[in-house]
Amino acid sequence: MELPRSAAGYSNAILELYDFLILKFSSVFIWRCRTRQLINLYRTNISRRHLEVGVGTGYLLKHTVFPSHWVQLHILDCNPKVLEHAYYRLARYSPVPILCDLMSEDWPVLPKQQSIGMNYVWHALEGSLQQRAQVFEKLSHHLLPSGVLFGSSVVGIHDRMPTLSQWVSRHWLRVGMFNNQEDSVKSLDAILRQYFFEVHVWQEGQVTLFVAKQPKSVQTA
C-alpha cells in the first residue's frame, strides 16, 4: 500500500520525537491548543469500546481514563510503523491493529463502536472537502446508536491567525502534510451535520475540536 504524503514521513525516529514535536510543542506554541484540552476531550468522550483513527503514538489514549477496566480497543492507521509503535505502547489494553487508508474504498469489517477518536487527522487527509467528508460518513456506520465521534483538527489559514501559525501552515501545505485550505469551524460543523444529528464544534487557538453524536446512518436505517 502506497502511503499518503502526510503519513509516509512517520519513521521510527520521528515517532520517538512525535509526542514532544506535535503534542507538547506544536499544539501548544504554534496552534495554541494545550495538550491538556485534548486529553480532557478524550476523558469526556471515550468509552470501553473504542476505535482510534490515525492513532499516532497512542499518547492521548495512554493518558486518558477509560470508564471500565474491560476495554475493547481498535487502533487504525495506514502506516504499519505507526501501528506497531502504538500497539506496544498500549499493550496493556491488547489493542487490535487495523492497517487501512482512510481515503481508500476498501474498508475492513469492524465491530460497532461506542466511541471513535480522530485527533489531528482531518487536516491531513487528501482529496477535496467533500471527498474527505466521506470519511465521516464511513465512520458513522461503525458507531452504535448511542456512539460518539470526537477529535481535533488544525483550521485553515485565516487573517486572524498568528504570523508563526500562518508560516507553519503554508509550509505543511506546500510539502503535502496539510490539506486544510477550506477548513474552519463553520465548514467542519456543516459536514458533520450531514451525518450526525447532534454536533458540537468549537475552536481552541488554531485548532477545531468536535464532538458528534446520534449518527444518522443508524437512526434512519
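# Why the labels fit

Tutor: Let's start with threonine 208, which lies in strand E7. Strands are DSSP runs of E with at least two residues, helices are runs of H or I with at least four, and both are numbered from the N terminus. You're looking at a predicted model, where local features need pLDDT of at least 70, side-chain atom pairs count only at pLDDT 80 or more, and totals for chains, interfaces and linings use all residues. Residues are numbered from 1 along each chain as its sequence is written, and side-chain values use heavy atoms, with hydrogens and water left out.

Student: Why is threonine 208 called buried?

Tutor: Its relative accessible area is 2%. Buried means under 20%, exposed means over 50%, and partly exposed is in between, using a 1.4 Å probe and protein chains only. So threonine 208 is buried.

Student: Which residues is threonine 208 in contact with, leaving aside neighbours within four places in sequence?

Tutor: Among them are Gly151, Ser152, Val185, Leu188 and Trp202. Contact here means heavy atoms within 4.5 Å.

Student: Glutamine 214 is in strand E7 too. What makes glutamine 214 partly exposed?

Tutor: Its relative accessibility is 34%, so it falls in the in-between class. Glutamine 214 also has a positive phi of about 55°, although it is not a glycine.

Student: Where does tyrosine 120 lie, and what is its phi?

Tutor: Tyrosine 120 is in the loop between strand E4 (113-119) and H6. Its phi is positive, about 50°, and again the residue is not a glycine. Tyrosine 120 counts as buried because its relative accessibility is 9%.

Student: On to tyrosine 42 and phenylalanine 150. Why is that pair called edge-to-face?

Tutor: Rings of Phe, Tyr and Trp (its six-membered ring) pair if their centres lie within 6.5 Å; planes under 30 degrees apart are stacked, over 60 edge-to-face, and the rest tilted. Here the centres are 4.8 Å apart and the planes sit at 85°, so the pair is edge-to-face. The pair links distant parts of the chain, with tyrosine 42 in helix H3 (residues 35-45) and phenylalanine 150 in strand E5 (residues 143-154), 108 residues apart. Both tyrosine 42 and phenylalanine 150 are buried.

Student: How many aromatic pairs does a search of the whole structure find?

Tutor: Eight. There's also an aromatic cluster made up of Phe20, Phe25 and Phe29.

Student: What makes you say arginine 132 lies over the face of tryptophan 122?

Tutor: A charge sits over a ring if NZ of Lys or CZ of Arg is within 6 Å of the ring centre and within 35 degrees of the ring normal. Arginine 132 is 4.2 Å from the ring centre of tryptophan 122. The charged end of lysine 216 likewise sits over the ring of phenylalanine 197, 5.3 Å from its centre.

Student: Which residues of H6 are buried, and why are they said to share a side?

Tutor: Leu129, Arg132, Ala133, Val135, Phe136, Leu139 and Ser140 are buried in H6. They cover an arc of only 140° around the axis, so they are on the same side of H6. The arc is taken from the directions that run from the helix axis to the C-beta atoms.

Student: And which residues are buried in helix H8 (residues 185-192)?

Tutor: Ser187, Leu188, Ile191 and Leu192. Their arc is only 130°, which puts them on the same side of H8. Their cover includes H6, E5, strand E6 (196-204) and E7.

Student: Last one: which residues touch the most other members of the largest nonpolar core?

Tutor: Val55, Leu61 and Ile75, out of 34 residues. A nonpolar core is a set of buried Ala, Val, Leu, Ile, Met, Phe, Trp, Tyr and Cys residues joined through side-chain atoms within 4.5 Å. A second, separate core of 29 residues includes Leu51, Leu102, Val201 and Ala212.
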